[in-house]
Amino acid sequence: MVLPAFVNSVLESTCLRLFCSCTQIIMVTTTQENDELTWTSTVTGLPQKRYYRQRAHSNPIADHCFDYPARPEDVDWRWLYPSMRPDQEVSFADIGCGYGGFLVTLGELFPEKISIGMEIRVKVSDYVLDRIKALRHRSSDTGAYQNIACLRTNAMKYLPNYFRKGQLEKMFFLYPDPHFKRAKHKWRIINQALLSEYAYVLRKGGLVYTMTDVEDLHIWIVSHMEEHPLYERLTDEEACTDPITPRLYQSSEEGAKVVRNKGDHFLAIFRRL
């Protein structure tokens, strides 16, 4: 049957559009696959940090867009920890985990403990998630790194939404943003108001680890925590005998940078009373 000329024209046009659409889909898919290959190191199999760069400072008081639970009972941790047993819960929290170096160390040091990293910067948290995914894939035969995960959230606002009273054993504040300007001191992660929230989610005897390379910030942290009635500082002897202490200096990316630059470390560990 011979079709009219206008019908042939419509069919040819439709086929051409379908061909172009399929070609675009193939090109996009190929580009995404190539990007994923480029972003992952061929040597380590881990994501390359230079593709996740972001500003070092973030305003924690600003209205960022976050999804967060109304209460700790609403959190389904299994989507972050597929191998999590019913009798397990998150015990360690690395607040402002950065690129996840210390979080990975926690997972290795305490394989039976569940650790969470909390990071406000979107690209940085994306890197940690991709890093953990790659580590889990690389260690699929041993099941390692199933006990660590990362959340993009604002710990200064939503910490009690994730953890029930007395749930955490340890909290880490390693190389937090110093916010040097006096007008921005209210942005500091350690302040008198927030210390009460930290005490709420910490169990009695739980520990808060703080480390910075800024002496002024160290003095600020120590003075505020010593003034709070629910904390006492560990003695130097107690701090030195803690097995975590040696790992605090250069497990994190910021700590390693301080070591390379031959900077100072200021450590203070506090016990929840």
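An open sheet of 7 strands, with mixed pairing, runs in the order E3-E2-E1-E4-E5-E7-E6. Strand E3 (148-152) and strand E6 (231-233) stand at its edges with a single partner strand each, so one side of each has no neighbour in the sheet. From one strand to the next, the twist averages 20 degrees. This is a predicted model, in which local features need pLDDT of at least 70 and side-chain atom pairs count only at pLDDT 80 or more, while totals for chains, interfaces and linings use all residues. Residues are numbered from 1 along each chain as its sequence is written, and side-chain values use heavy atoms, with hydrogens and water left out.

**Sheet and helices**
- Strands (E, at least two residues) and helices (H or I, at least four) are DSSP runs numbered from the N terminus, and two strands pair if DSSP finds at least two bridges between them.
- Strand E5 (residues 202-212) and strand E7 (residues 266-272) run antiparallel and are joined by 6 bridges; Leu 207 stands opposite Arg 271 in E7.
- Helix H3 (residues 122-138) lies across strand E2 (114-119) and E3, at about 160 degrees to E3.
- Helix H4 (residues 155-162) lies across strand E1 (90-95), E2, E3 and E4, and runs at about 150 degrees to E2.
- Angles run from 0 to 180 degrees between N-to-C directions, with axes fitted to C-alpha atoms, for helices over the stretch in contact; contact means heavy atoms within 4.5 Å.

**Asp 177**
- The "active site" annotation in an unreviewed UniProt entry covers Asp 177; UniProt positions follow the numbering used here, feature names are shortened, and annotations may be inferred rather than shown by experiment.
- Asp 177 sits in the loop between strand E4 (168-174) and helix H5 (192-201).
- Its relative accessibility is 21%, so Asp 177 counts as partly exposed (buried is under 20% relative accessible area, exposed over 50%, partly exposed in between, with a 1.4 Å probe and protein chains only).
- The side chain of Asp 177 reaches the backbone nitrogen of His 179 at 3.1 Å.

**Thr 105**
- Thr 105, in helix H2 (residues 101-109), is buried, with a relative accessible area of 8%.
- A polar atom of the Thr 105 side chain lies 3.2 Å from the backbone oxygen of Gly 101.
- Leaving aside residues up to four places away in sequence, Thr 105 touches Arg 247 and Ser 251.

**Cysteines**
- The structure holds 0 disulfides (a disulfide is a pair of cysteine sulfur atoms within 2.5 Å).
- For Cys 97, the closest cysteine sulfur is that of Cys 150, at 4.0 Å, which is too far for a bond.
- Cys 97 is buried at 6% relative accessible area, whereas Cys 240 is exposed at 61% relative accessibility.

Definitions and conventions:
Polar contact = N/O pair within 3.5 Å; in protein donor to acceptor, adjacent residues only side chain to side chain.
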